Amino acid sequence: MIKLKEKLKQKIQEHRPRTERLLKEFGNVKVGEYTIEQVIGGARGIKSLVTDISYLDPQEGIRYRGKTLPEVLDILPKPAGKNYPYVESLWYFLLTGEVPTQEEAEEVVADFKKRRRVPLYVFDLLRNIARDSHPMAMFSMAIVAMQKESIFYEKYKLGFDKKTAWEPMYEDACNLLAKLPVIAAYIYRMKYKSDTHIPENPALDFGANFAEMIGIDPPYDDVARMYFIIHADHESGNVSAHTTHLVASALSDAYYSLSSMINGLAGPLHGLANQEVLRWLHEVMIKMNGIKPTEEDMKKFVWETLNAGQVIPGYGHAVLRKTDPRYMVQRDFCLKYLPEDLLFQYVETLYKVVPEILLQHGKVKNPWPNVDAQSGVVQWFYGLREYDFYTVLFGLGRSIGVLANIVWDRALGYSIERPKSVTTDMLEEIAGIKKVS
Ligand code: CMX
């Protein structure tokens, strides 16, 4: 058993009594109250999920295991000579809450390499899907196709044991996560690089192997690590994390759960927004004949989009009320490595004009940019320009957090999800405007 799994086992044993005590002794203590607006409005702000892996503060943004993103990027072990941490070290950190030593991180790197081989039938399947399918649809299908590999499912058939169910879930999560960069790179090269492929490199870690298989030279390996790490988790209520948790709560295995997550992430109000930002920017670029717009020009384009009843992709958030720190990490990266890049200049001009316009527009609760407003610029600069692939990158990163979460879901024996619905008549009665007969 590698050190990560031993440590996780110890952490689970330490944590279980806390959850058990809360349930047994304090189960009927009120957490909060909620309103009709929250019931109709997507359960916004209703506290009904538990995770210790990350927490999203509306003002400050995301913390993983209590640490801000700059802290996480600073403290986790990195490959020799690289600026960004091993993705595998984040996996260790999210699962255990402890920063791995270099040796512990590299043990996970070695473990993931052993789990990387993708069954041939996955490539056969991908080759038989219409080539113009969206890469997120391909990614989702490839993941669910591997369901027959699930160790959790096999163990379940022998008899479900609530106390040990986390172990096969952990094995599935590691097996699946290790394979995702290989699958994503295959989809990318098949769709956009004339179906030519680059074999995986057993010498490389998660991020670097993905970069090489995609066909982009260093420092893109560091870009990939940074990207995957900052997209990994955003507590449990967003569509991708919640979907994974919901599906897994029925004791569906990691393959079913993660495939569903990818489907949720593919929505334009969620992960697909990174693709939509680039599409929007390119429409502006065409209108500007490639010249950098003035702030006045940019204001005009933003108002045109709003007046057409469309959202400004990459702006707004259901929880955040400040600029997303994931936006800032990437903005700092751009200021350091590509300050003169034209696309970055476009995004900077947007940052200057959009918040004020959205405030004037008067609908949004948060006029500030989210992660998706900035992420495509970095990818575009380093040569990954097929922007309908960007949400696959997001999906790869998000898999780290949501898989860590469902391992803990099984460790703590969380229940099958089943919120209650009401009818409109009932809401009208609660509001005091109608009597239900
Ligand atoms: N441009 C224009 N209008 C916007 C807007 C934007 N960027 N963001 C929100 N609004 C509108 C909403 O559509 C809503 O309008 P209606 O009342 O007509 O329905 C109103 O402002 C209030 O919305 P809100 O409470 O501020 O935001 P929500 O919690 O409902 O939605 C989000 C959050 C992210 C879906 C929304 O801000 C949005 O659509 N943003 C653009 C898409 C985007 O960038 N998504 C990525 C989010 C990050 C991620 O998950 O990847």
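Predicted model: local features only at pLDDT ≥ 70, side-chain atom pairs only at ≥ 80, totals over all residues.
Strand β2 covers residues 61-64, and four bridges join it to β1. The two strands run antiparallel. Strands of a sheet pair through backbone hydrogen bonds, and the pairing can be parallel or antiparallel. Here three strands make up an open sheet, in the order β1-β2-β3, with antiparallel pairing. Which strands are at the edges? They are β1, residues 54-57, and β3, residues 67-68, each of which pairs on one side only.

Now the whole chain. The secondary structure of the protein comes to 20 helices and three strands. How compact is the protein? The radius of gyration is 22 Å, and the globule rule gives 22 Å for 437 residues, so the protein is as compact as a globular protein of that length. If you look along the principal axes, the C-alpha trace spans about 70 × 65 × 45 Å.

Next, contacts within the chain. Take the contacts with a separation of 6 or more: residues 24 or more positions apart account for 76% of them.

Of the 437 residues, 54% count as buried. The protein exposes about 20,200 Å², and carbon and sulfur atoms supply 54% of that area. As for charge, there are 54 positive and 56 negative side chains. The centres of these two sets lie 3 Å apart.

I will finish with two single residues. The first topic is Ser-375, which lies in helix α18, residues 372-381. Is Ser-375 buried or exposed? Its relative accessibility is 1%, and buried means under 20%, so Ser-375 counts as buried. What does Ser-375 contact, leaving aside its neighbours within four places in sequence? The answer is Tyr-227, His-231, Asn-274 and Gln-330.

The other residue is Met-1, which sits in the segment before α1, the helix of residues 3-26. Met-1 has a relative accessible area of 57%. The cut-off for exposed is over 50%, and therefore Met-1 is exposed. Not counting residues up to four places away in sequence, Met-1 touches Glu-6 and Lys-9.

Key
Residues numbered from 1 in each chain as written. Heavy atoms only, no water. Rg over C-alpha atoms; globule rule 2.2 N^0.38 Å. Buried < 20%, exposed > 50% of the residue type's maximum accessible area, 1.4 Å probe, protein only. Contact = heavy atoms within 4.5 Å. Areas by Shrake-Rupley, 256 points an atom, 1.4 Å probe, with all protein chains shown as cover. Lys, Arg positive; Asp, Glu negative; His and termini not counted. Charge placed at Lys NZ, Arg CZ, Asp CG, Glu CD. Pairing = 2+ DSSP bridges.
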